[in-house]
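Hello,

Here is the structure you asked about. My notes follow below it.

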Amino acid sequence: MKKIKSRVLGEIEVDEATQLNFNGSILGFEEYNDFYILDNNSDKDSIFKILQSSENEDLSWIVLSPFAAFPDYELDVHDEDVKSLNIESEKDVIALVMVTIVNNDYENMTVNLLGPIIINLKNNLGKQCIIKSNKYTTKHKLLEHVAQ
């Protein structure tokens, strides 16, 4: 076990075997490579998780599976992304989307469906990908969609 610091969760222990390597693929944060997916301390069963950098305690995002809120979401990634992550089977992959909450305005939180995070669980490689579809944006209102 390894200890890392998180601005959100404080000092926590993580299993080093679960460390994800993004090879600088998170847009705007290319200098950071190593991340962990963490449970929210207050609700371990929540659909919301935290993607925490092990290199910078201030760098984390709230994430969730796009399928938890958008069951009809079409995850259509480019072949070069599949190749760069060494994906052999869909069952080895999870997809996450970043949540944005501005000024604690939870009613208007949005998710980035255009740039999902794809993780190959078999080799712990992750990448933020831009999907092929043009029907998604970086700011889909989460609660508005869930309420429908």
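N104 is exposed, with a relative accessible area of 58% (exposed means over 50%, buried under 20%, partly exposed in between; 1.4 Å probe, protein chains only). Its place is the loop between β7 and β8 (110-111); strands are DSSP runs of E, at least two residues, numbered from the N terminus. Phi of N104 is near 55 degrees, a positive value in a residue other than glycine. Most residues other than glycine have a negative phi.

N23 also has a positive phi, near 45 degrees. N23 sits in the loop between β3 (20-21) and β4 (34-39). N23 is exposed, at 57% relative accessible area.

This is a predicted model: local features need pLDDT of at least 70, side-chain atom pairs count only at pLDDT 80 or more, and totals for chains, interfaces and linings use all residues. Residues are numbered from 1 along each chain as its sequence is written, and side-chain values use heavy atoms, with hydrogens and water left out.

Now the inside. The largest nonpolar core has 18 residues (a core is a set of buried Ala, Val, Leu, Ile, Met, Phe, Trp, Tyr and Cys residues joined through side-chain atoms within 4.5 Å). Those with the most contacts inside it include L64, F70, Y73 and I118. Strand β7 gives the most to this core, with 3 residues. Apart from it lies another core, of 13 residues, among them L20, F22, I26 and L59.

Y73 touches P66, F67, L113, P116, I131 and Y136 (contact means heavy atoms within 4.5 Å; residues up to four places away in sequence are not counted).

Best wishes

How values were computed
Helix = DSSP H or I, 4+ residues; strand = E, 2+ residues; numbered from the N terminus.
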